[in-house]
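User: Could you walk me through a few labels on this model and say what backs them up?

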Amino acid sequence: MRWKNLGEQSAALFGTEVVSRTVDTPEFRGITFHEVRARSIVNRVPGASRMPFERTVNPYRGCSHACVYCFARKTHSYLDLDTGLGFDSQIVVKVNAPELLRRELAAPRWRGEHIAMGTNVDCYQRAEGRYRLMPGIITALRDHANPFSILTKGTLILRDLDLLRQAAEVTDVGVCVSVGFVDRELWRTVEPGTPAPERRLDVVRTLARHGIPAGVLMAPVVPFLGDSPKQLRATVRAVAAAGATSVTPLVLHLRPGAREWFMAWLAQHHPHLVRRYERMYAGGAYAPKWYQRRITRQVHELAAEYGIGPTRPGETRRIPDPTATPPRQPGPTQLALL
(Lines give C-alpha, C1' and ligand atoms only; values in the text may rest on other atoms or scores of the structure.)
Protein backbone atom coordinates (compact mmCIF):
# COMPACT_ATOMS: atom_id res chain seq x y z
CA MET A 1 0.00 0.00 0.00
CA ARG A 2 1.03 3.61 -0.35
CA TRP A 3 2.35 5.63 2.54
CA LYS A 4 -0.11 8.51 2.72
CA ASN A 5 2.19 10.86 4.61
CA LEU A 6 4.79 11.17 1.89
CA GLY A 7 5.17 14.78 0.82
CA GLU A 8 7.22 16.38 -1.96
CA GLN A 9 10.49 16.21 -0.01
CA SER A 10 9.97 12.55 0.88
CA ALA A 11 9.12 11.67 -2.69
CA ALA A 12 12.32 13.32 -3.82
CA LEU A 13 14.25 11.12 -1.40
CA PHE A 14 12.50 7.82 -1.94
CA GLY A 15 10.08 8.02 -4.83
CA THR A 16 6.37 7.55 -4.28
CA GLU A 17 6.11 3.76 -4.00
CA VAL A 18 6.36 2.71 -0.36
CA VAL A 19 5.24 -0.63 1.05
CA SER A 20 4.32 -0.60 4.75
CA ARG A 21 4.42 -3.88 6.68
CA THR A 22 3.69 -5.00 10.19
CA VAL A 23 5.16 -8.26 11.47
CA ASP A 24 3.24 -10.22 14.08
CA THR A 25 6.15 -11.61 16.06
CA PRO A 26 7.20 -10.71 19.62
CA GLU A 27 10.44 -9.17 18.38
CA PHE A 28 8.69 -6.71 16.06
CA ARG A 29 5.32 -6.28 17.75
CA GLY A 30 4.12 -2.69 17.47
CA ILE A 31 6.66 -1.81 14.75
CA THR A 32 5.74 -0.82 11.20
CA PHE A 33 8.34 -1.10 8.45
CA HIS A 34 8.10 1.30 5.53
CA GLU A 35 10.04 -0.29 2.68
CA VAL A 36 11.33 2.33 0.25
CA ARG A 37 13.66 2.43 -2.73
CA ALA A 38 16.08 5.27 -2.06
CA ARG A 39 17.36 7.48 -4.87
CA SER A 40 20.84 7.77 -3.30
CA ILE A 41 22.56 6.19 -0.33
CA VAL A 42 25.89 7.99 0.24
CA ASN A 43 25.21 11.21 2.13
CA ARG A 44 27.46 14.24 2.42
CA VAL A 45 27.73 15.61 5.96
CA PRO A 46 27.04 19.38 6.07
CA GLY A 47 30.17 21.45 6.39
CA ALA A 48 28.94 23.06 9.62
CA SER A 49 28.54 19.69 11.32
CA ARG A 50 30.73 18.68 14.27
CA MET A 51 31.17 15.25 12.73
CA PRO A 52 34.80 14.40 11.88
CA PHE A 53 33.82 12.64 8.64
CA GLU A 54 32.25 13.76 5.38
CA ARG A 55 30.31 10.73 4.09
CA THR A 56 27.72 8.49 5.70
CA VAL A 57 25.45 5.60 4.75
CA ASN A 58 22.20 5.12 6.65
CA PRO A 59 20.13 2.13 5.51
CA TYR A 60 17.39 2.89 8.07
CA ARG A 61 15.49 5.91 9.41
CA GLY A 62 13.88 5.61 12.82
CA CYS A 63 15.22 3.18 15.40
CA SER A 64 13.66 0.55 17.64
CA HIS A 65 16.41 1.08 20.21
CA ALA A 66 14.05 3.82 21.46
CA CYS A 67 16.79 5.78 23.23
CA VAL A 68 14.97 8.73 24.76
CA TYR A 69 17.89 11.08 24.02
CA CYS A 70 18.52 10.11 20.38
CA PHE A 71 19.47 13.23 18.39
CA ALA A 72 18.19 11.67 15.13
CA ARG A 73 14.55 11.96 16.25
CA LYS A 74 14.21 15.25 14.41
CA THR A 75 14.75 13.52 11.06
CA HIS A 76 11.37 11.80 11.35
CA SER A 77 9.63 15.15 11.21
CA TYR A 78 10.95 15.60 7.65
CA LEU A 79 8.67 12.70 6.68
CA ASP A 80 5.68 14.04 8.64
CA LEU A 81 6.21 11.31 11.20
CA ASP A 82 6.16 11.62 14.98
CA THR A 83 9.57 12.17 16.59
CA GLY A 84 8.53 10.38 19.79
CA LEU A 85 6.88 6.97 19.66
CA GLY A 86 6.78 7.22 15.86
CA PHE A 87 10.56 7.38 15.69
CA ASP A 88 10.74 4.23 17.82
CA SER A 89 8.14 2.24 15.89
CA GLN A 90 7.88 3.61 12.31
CA ILE A 91 11.06 2.34 10.68
CA VAL A 92 11.98 3.38 7.15
CA VAL A 93 13.95 0.64 5.39
CA LYS A 94 15.96 1.49 2.29
CA VAL A 95 15.63 -1.96 0.77
CA ASN A 96 17.86 -1.18 -2.22
CA ALA A 97 20.74 0.16 -0.10
CA PRO A 98 23.33 -2.53 -1.00
CA GLU A 99 22.79 -2.38 -4.77
CA LEU A 100 22.61 1.41 -4.69
CA LEU A 101 25.85 1.67 -2.73
CA ARG A 102 27.63 -0.66 -5.15
CA ARG A 103 26.54 1.53 -8.04
CA GLU A 104 27.63 4.76 -6.32
CA LEU A 105 31.03 3.32 -5.37
CA ALA A 106 31.58 2.34 -9.01
CA ALA A 107 30.77 5.82 -10.34
CA PRO A 108 33.73 7.64 -11.97
CA ARG A 109 33.24 10.63 -9.66
CA TRP A 110 33.69 8.57 -6.49
CA ARG A 111 37.12 9.05 -4.89
CA GLY A 112 37.05 6.40 -2.18
CA GLU A 113 36.26 8.66 0.78
CA HIS A 114 35.81 7.14 4.21
CA ILE A 115 32.17 6.16 4.90
CA ALA A 116 30.78 6.22 8.43
CA MET A 117 27.76 4.12 9.41
CA GLY A 118 25.62 4.12 12.54
CA THR A 119 26.10 7.82 13.13
CA ASN A 120 22.43 8.71 12.59
CA VAL A 121 20.48 5.61 13.61
CA ASP A 122 21.90 2.20 14.38
CA CYS A 123 22.48 0.07 11.28
CA TYR A 124 22.37 -3.01 13.55
CA GLN A 125 19.03 -2.29 15.18
CA ARG A 126 16.44 -5.09 15.28
CA ALA A 127 15.21 -4.38 11.75
CA GLU A 128 18.57 -5.54 10.41
CA GLY A 129 17.81 -9.04 11.63
CA ARG A 130 14.87 -9.09 9.23
CA TYR A 131 16.20 -7.13 6.24
CA ARG A 132 19.91 -8.12 6.28
CA LEU A 133 21.12 -5.00 4.46
CA MET A 134 24.52 -4.75 6.12
CA PRO A 135 26.09 -7.89 4.60
CA GLY A 136 25.48 -6.47 1.11
CA ILE A 137 26.74 -3.05 2.18
CA ILE A 138 29.94 -4.41 3.72
CA THR A 139 30.49 -6.66 0.71
CA ALA A 140 30.24 -3.67 -1.65
CA LEU A 141 32.71 -1.70 0.47
CA ARG A 142 35.05 -4.69 0.58
CA ASP A 143 34.90 -5.24 -3.15
CA HIS A 144 35.80 -1.59 -3.77
CA ALA A 145 38.41 -1.51 -0.97
CA ASN A 146 36.62 1.52 0.43
CA PRO A 147 37.45 2.53 4.02
CA PHE A 148 34.55 2.57 6.46
CA SER A 149 33.61 2.57 10.12
CA ILE A 150 30.64 1.37 12.13
CA LEU A 151 29.23 2.72 15.38
CA THR A 152 26.64 0.51 17.05
CA LYS A 153 24.80 -0.53 20.18
CA GLY A 154 23.71 -3.75 18.47
CA THR A 155 25.04 -7.24 19.06
CA LEU A 156 23.96 -8.30 15.56
CA ILE A 157 27.24 -7.00 14.18
CA LEU A 158 28.80 -10.29 15.29
CA ARG A 159 26.83 -12.01 12.52
CA ASP A 160 29.06 -10.18 10.01
CA LEU A 161 32.42 -10.98 11.59
CA ASP A 162 33.73 -12.83 8.55
CA LEU A 163 32.82 -9.98 6.21
CA LEU A 164 34.47 -7.44 8.48
CA ARG A 165 37.67 -9.46 8.53
CA GLN A 166 37.62 -9.82 4.75
CA ALA A 167 37.15 -6.07 4.35
CA ALA A 168 39.97 -5.39 6.80
CA GLU A 169 42.36 -7.28 4.54
CA VAL A 170 41.92 -4.72 1.75
CA THR A 171 41.04 -1.42 3.45
CA ASP A 172 40.82 0.46 6.74
CA VAL A 173 37.86 -0.74 8.80
CA GLY A 174 36.85 0.28 12.28
CA VAL A 175 34.24 -0.59 14.84
CA CYS A 176 33.15 1.47 17.82
CA VAL A 177 30.57 0.25 20.32
CA SER A 178 28.44 2.76 22.21
CA VAL A 179 28.24 2.16 25.97
CA GLY A 180 27.52 5.28 27.99
CA PHE A 181 27.04 3.56 31.35
CA VAL A 182 26.68 0.14 32.95
CA ASP A 183 23.94 1.16 35.40
CA ARG A 184 21.16 -1.32 34.60
CA GLU A 185 18.35 0.78 36.06
CA LEU A 186 19.36 3.75 33.94
CA TRP A 187 19.72 1.52 30.88
CA ARG A 188 16.22 0.06 31.23
CA THR A 189 14.62 3.50 31.23
CA VAL A 190 16.66 5.53 28.73
CA GLU A 191 17.63 2.80 26.24
CA PRO A 192 14.75 0.30 26.52
CA GLY A 193 15.17 -1.29 23.08
CA THR A 194 18.93 -1.86 23.19
CA PRO A 195 20.96 -4.86 24.27
CA ALA A 196 22.15 -4.55 27.86
CA PRO A 197 25.48 -2.72 28.37
CA GLU A 198 27.25 -5.94 29.36
CA ARG A 199 26.12 -7.60 26.13
CA ARG A 200 27.54 -4.70 24.14
CA LEU A 201 30.82 -5.07 25.99
CA ASP A 202 30.73 -8.76 25.10
CA VAL A 203 30.70 -7.58 21.47
CA VAL A 204 33.91 -5.65 22.11
CA ARG A 205 35.42 -8.73 23.74
CA THR A 206 34.37 -11.03 20.89
CA LEU A 207 35.60 -8.68 18.18
CA ALA A 208 39.00 -8.45 19.87
CA ARG A 209 39.20 -12.22 20.13
CA HIS A 210 38.70 -12.42 16.36
CA GLY A 211 41.36 -9.85 15.59
CA ILE A 212 39.07 -6.84 15.23
CA PRO A 213 39.95 -4.22 17.84
CA ALA A 214 37.07 -2.00 18.90
CA GLY A 215 36.85 1.25 20.79
CA VAL A 216 34.03 2.36 23.06
CA LEU A 217 32.17 5.61 22.67
CA MET A 218 31.07 6.31 26.23
CA ALA A 219 27.89 8.05 25.18
CA PRO A 220 25.95 9.57 26.53
CA VAL A 221 27.16 10.52 29.95
CA VAL A 222 23.81 11.59 31.44
CA PRO A 223 24.06 14.55 33.85
CA PHE A 224 22.89 13.88 37.41
CA LEU A 225 21.85 10.32 36.53
CA GLY A 226 24.99 8.65 35.21
CA ASP A 227 27.86 10.99 36.03
CA SER A 228 28.80 10.24 39.62
CA PRO A 229 32.47 9.27 40.22
CA LYS A 230 31.31 5.78 41.20
CA GLN A 231 29.29 5.35 37.98
CA LEU A 232 32.07 6.68 35.77
CA ARG A 233 34.58 4.36 37.41
CA ALA A 234 32.33 1.32 37.03
CA THR A 235 31.84 2.04 33.33
CA VAL A 236 35.50 2.64 32.52
CA ARG A 237 36.50 -0.43 34.52
CA ALA A 238 34.03 -2.59 32.54
CA VAL A 239 35.21 -1.09 29.24
CA ALA A 240 38.81 -1.88 30.10
CA ALA A 241 37.92 -5.44 31.16
CA ALA A 242 36.26 -5.98 27.77
CA GLY A 243 39.52 -5.20 26.01
CA ALA A 244 38.49 -1.97 24.29
CA THR A 245 41.29 -0.16 22.51
CA SER A 246 40.02 3.23 23.65
CA VAL A 247 37.23 4.99 25.51
CA THR A 248 35.90 8.39 24.50
CA PRO A 249 33.29 10.14 26.65
CA LEU A 250 30.49 12.22 25.17
CA VAL A 251 28.11 14.18 27.36
CA LEU A 252 24.39 14.07 26.58
CA HIS A 253 23.31 16.65 24.01
CA LEU A 254 19.69 17.57 23.40
CA ARG A 255 18.87 18.79 19.93
CA PRO A 256 15.37 19.85 18.85
CA GLY A 257 13.16 16.80 18.52
CA ALA A 258 15.19 14.83 21.05
CA ARG A 259 15.04 17.62 23.63
CA GLU A 260 11.26 17.64 23.86
CA TRP A 261 11.02 13.85 24.10
CA PHE A 262 13.80 13.60 26.69
CA MET A 263 12.39 16.39 28.85
CA ALA A 264 8.95 14.75 28.84
CA TRP A 265 10.60 11.51 29.96
CA LEU A 266 12.55 13.38 32.64
CA ALA A 267 9.38 15.03 33.96
CA GLN A 268 7.78 11.60 34.32
CA HIS A 269 10.70 9.69 35.83
CA HIS A 270 12.81 12.36 37.57
CA PRO A 271 10.69 15.50 37.99
CA HIS A 272 13.09 16.92 40.57
CA LEU A 273 15.74 17.24 37.83
CA VAL A 274 13.70 19.20 35.31
CA ARG A 275 14.78 22.64 36.54
CA ARG A 276 18.42 21.56 36.74
CA TYR A 277 18.30 20.40 33.12
CA GLU A 278 16.59 23.57 32.01
CA ARG A 279 19.41 25.57 33.55
CA MET A 280 22.17 23.30 32.26
CA TYR A 281 20.87 23.32 28.67
CA ALA A 282 19.60 26.91 28.67
CA GLY A 283 22.35 27.84 26.21
CA GLY A 284 21.39 25.30 23.56
CA ALA A 285 21.78 21.63 22.72
CA TYR A 286 25.07 21.07 24.52
CA ALA A 287 26.02 21.03 28.19
CA PRO A 288 28.31 23.85 29.35
CA LYS A 289 31.94 23.55 28.32
CA TRP A 290 33.11 23.42 31.93
CA TYR A 291 30.94 20.37 32.55
CA GLN A 292 32.07 18.62 29.36
CA ARG A 293 35.72 19.26 30.27
CA ARG A 294 35.19 17.90 33.78
CA ILE A 295 33.65 14.65 32.53
CA THR A 296 36.33 14.24 29.87
CA ARG A 297 39.11 14.76 32.42
CA GLN A 298 37.58 12.27 34.88
CA VAL A 299 37.11 9.59 32.22
CA HIS A 300 40.60 10.07 30.81
CA GLU A 301 42.12 9.78 34.28
CA LEU A 302 40.19 6.58 34.92
CA ALA A 303 41.14 5.22 31.50
CA ALA A 304 44.82 5.83 32.22
CA GLU A 305 44.42 4.09 35.57
CA TYR A 306 42.90 1.03 33.87
CA GLY A 307 45.38 1.00 31.01
CA ILE A 308 43.33 2.40 28.13
CA GLY A 309 43.22 5.82 26.57
CA PRO A 310 41.02 8.23 24.64
CA THR A 311 40.39 7.67 20.96
CA ARG A 312 43.10 9.01 18.69
CA PRO A 313 42.50 9.70 15.00
CA GLY A 314 42.01 6.44 13.16
CA GLU A 315 42.52 4.23 16.22
CA THR A 316 39.02 2.78 16.59
CA ARG A 317 38.69 2.32 12.85
CA ARG A 318 41.87 0.61 11.98
CA ILE A 319 42.15 -3.17 11.79
CA PRO A 320 45.73 -4.17 10.97
CA ASP A 321 46.30 -6.81 8.34
CA PRO A 322 48.84 -9.12 10.01
CA THR A 323 50.25 -10.14 6.62
CA ALA A 324 50.83 -6.58 5.44
CA THR A 325 54.27 -4.98 5.55
CA PRO A 326 54.61 -2.18 6.23
CA PRO A 327 51.39 -1.54 8.18
CA ARG A 328 48.77 0.68 6.60
CA GLN A 329 48.79 4.34 7.57
CA PRO A 330 45.82 5.77 9.47
CA GLY A 331 43.12 7.27 7.27
CA PRO A 332 40.28 9.67 8.02
CA THR A 333 39.38 10.62 11.55
CA GLN A 334 37.59 8.61 14.19
CA LEU A 335 33.95 7.79 14.72
CA ALA A 336 32.00 10.27 16.74
CA LEU A 337 28.54 11.20 17.93
CA LEU A 338 25.57 8.93 18.36
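Predicted model: local features only at pLDDT ≥ 70, side-chain atom pairs only at ≥ 80, totals over all residues.

User: Why is D80 called exposed?
Analyst: Exposed means over 50% relative accessible area, buried under 20%, and partly exposed in between (1.4 Å probe, protein chains only). D80 comes in at 53%, so it counts as exposed. D80 sits in the loop between α2 (74-77) and α3 (85-89); helices here are DSSP runs of H or I, at least four residues, and strands are runs of E, at least two, numbered from the N terminus.

User: And what makes F224 partly exposed?
Analyst: F224 has 26% relative accessibility, so it counts as partly exposed. F224 also has a positive phi of about 70° without being a glycine.

User: How do you know that the buried residues of α7 are on the same side?
Analyst: The buried ones in α7 (residues 161-168) are L161, L163, L164, A167 and A168. They cover an arc of only 165° around the axis, which puts them on the same side of α7. That arc is taken from the directions from the helix axis to the C-beta atoms.

User: What do the buried residues of α7 pack against?
Analyst: They pack against α6 (134-143), β8 (148-152), β9 (173-178) and α9 (197-209), with contact meaning heavy atoms within 4.5 Å.

Notes: Residues numbered from 1 in each chain as written. Heavy atoms only, no water.
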